[in-house]
Amino acid sequence: MSDDQLPTGATAVSDGKGSRRHQRTRRRRVLRVVAWGTAGLVLLGGAGAGYLYFRLNGNIKSVDIDSALGTNRPAALDNGAMDILVLGSDSRSGANSEYGHGGGGARSDTAMIVHLNKGHKAASVVSIPRDTLVPRPVCSKPGGGTVPAVRSVMFNSAYEVGGPACAVKTVEAMTGLRMDHYIEVDFTGFKNLINALGGVPLTTTQAIHDTKSHLDLAAGTHTLNGEQALGLVRTRHGVADGSDLGRIQLQQAFMKALMNRVSGIGLLTSPTKLIDVADTATSAITTDSDLASVGSLMGFAQSVRGLDSTNVHMVTLPVQYAVSDPNRVEPMQAQAAMVWAALRADRPIPAAATKGSAADEVNAKKVVGGGATADPATSPSPGLSPSTTP
């Protein structure tokens, strides 16, 4: 066991041969925080004074995916590689009610499959457009009963009718990949996390004006606060062709900017800031039951500590506009098969897999560039107006 994994209050005793003695203290121990953004993802873990540990532990919400799905699932990869389903929920319940009521229940507004390679030094991220027409398997309802299988339905309906377990089951049926973990963030949690980080710098190559998401950005470099960042990752009417494909381009660029932001603000040198971010982050997420503790999140975070945005390859599931409905997309089966085969073999996704995709056409028109890691207090926000989403 390493020194930073000692139980709260324990002391490592020197053997006189160079090992370090750790003083017992309730005021300060190391909190490890590694923030990981893919889909919108930040993973934070920590070990600290007892009261803080239990506070953070109590923040985390979880769902038991394994019990819900049973054993009839794809086999896990056996080389240390890992696949994670990251969802952004558009639930309008509770604090999220300020973003409107919408129709039906909560849906998966953002969906990303994060594949960590063997050694967790690189990652491939595949975004699934929420309006992709896919087969949905039989799913259990969270309150009891089942919903029948459907041959072709929008991807985000899986979460709506069957919650996280149905979303995972649908993804596993599509890909043949077992999802080792599940992480979900809702509107309010995302917004609060960005604010706790002091905003995220991002550069837009053109103005973005969307009356539906209430986002009003001039071209240039901005440090987005939580409300503005949420508007950015939700907007689609103000970019590209107005479809979900343009929104995914913004989401992917923001996730990389978020990773850069976390690595660039020196959280480990500011205990007060660190505790604030850890408290906010653990309150922001719902995980599968295997990740639902500070200790588990810390272990996972340590496993990806060598990962940065330059080692993350992001693509969108190769799709074409559906013949049955031009407002929907459907997977390009041959290219999609190449994507899933690459992940199963723990190889990089080949460029040929996305060639000819409708998403490629949208991504060719870059709307956002990289974000700096400067202190938000010194980063300009030209033309940025406050976002107030009804």
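1. Which residue of β13 does Val200 stand opposite? Val200 faces Leu224 in β13. Before we go on, a word on what you're looking at: this is a predicted model, where local features need pLDDT of at least 70 and side-chain atom pairs count only at pLDDT 80 or more, while totals for chains, interfaces and linings use all residues. Residues are numbered from 1 along each chain as its sequence is written, and side-chain values use heavy atoms, with hydrogens and water left out.

2. Back to that strand pair. Strand β10 covers residues 200-204 and strand β13 covers residues 220-224, and the two pair in the antiparallel sense over five bridges. (Two strands pair if DSSP finds at least two bridges between them; helices, H or I with at least four residues, and strands, E with at least two, are DSSP runs numbered from the N terminus.) Four of the five residues of β10 are buried, so the rest of the structure largely encloses this strand. Here buried means under 20% relative accessible area, exposed means over 50%, and partly exposed is in between, with a 1.4 Å probe and protein chains only.

3. Now have a look at helix α4, residues 187-196. The buried set is Phe187, Thr188, Gly189, Phe190, Lys191, Leu193, Ile194 and Ala196. After α4 comes Gly198, with a positive phi near 80°.

4. What does α4 pack against? One partner is helix α7 (residues 271-284), at an angle of about 170° and with the axes 9 Å apart. Axes are lines fitted to C-alpha atoms, for helices over the stretch in contact, and angles run from 0 to 180 degrees between N-to-C directions. The two helices are therefore roughly antiparallel to each other. For the cut-offs: under 35 degrees counts as roughly parallel, over 145 as roughly antiparallel, 65 to 115 as roughly perpendicular, and the rest as oblique. On the α4 side, Gly189, Asn192, Leu193 and Ala196 make the contact, and on the α7 side Lys273, Asp276, Val277, Thr280, Ala281 and Ala284 do. Contact means heavy atoms within 4.5 Å.

5. Next, the cysteines. How many disulfides does a search of the whole structure find? The search finds one, where a disulfide is a pair of cysteine sulfur atoms within 2.5 Å. The partners are Cys139 and Cys166, with their sulfur atoms 2.1 Å apart. The pair links distant parts of the chain, since Cys139 sits in strand β6 (residues 139-140) and Cys166 in helix α3 (residues 157-175), 27 residues apart. The torsion about their S-S bond is about 80°, so this disulfide is right-handed. Cys139 counts as buried at 2% relative accessibility, and Cys166 counts as buried at 2% too.

6. On to the nonpolar cores. A nonpolar core is a set of buried Ala, Val, Leu, Ile, Met, Phe, Trp, Tyr and Cys residues joined through side-chain atoms within 4.5 Å. The largest one has 54 residues, and those with the most contacts inside it are Ile84, Leu116, Phe190, Leu232, Phe254 and Leu258. Helix α6 (residues 244-264) gives the most to this core, with eight residues. Another core lies apart from it and has 34 residues, including Ile65, Leu87, Met174 and Val315.

7. You'll find Ala81 in the loop between α2 (65-69) and β2 (82-89), and at 6% relative accessibility it counts as buried. Ala81 and Ala345 are 264 residues apart in sequence, yet 9.6 Å apart in space, C-alpha to C-alpha. Among the contacts of Ala81, neighbours within four places aside, are His115, Asp180 and Asp346.

8. That brings us to Asp346, in the loop between α9 (333-344) and α10 (358-363). Its phi is near 60°, a positive value in a residue other than glycine. His120 also has a positive phi, near 55°. His120 lies in the loop between β3 (108-116) and β4 (123-127), and is buried with a relative accessible area of 8%. Most residues other than glycine have a negative phi.

9. Last one: is Asp288 buried or exposed? Asp288 is buried, with a relative accessible area of 4%, and belongs to strand β14 (residues 285-288). Not counting residues up to four places away in sequence, Asp288 touches Ser62, Val63, Ile65, Asp180, His181 and Tyr182.
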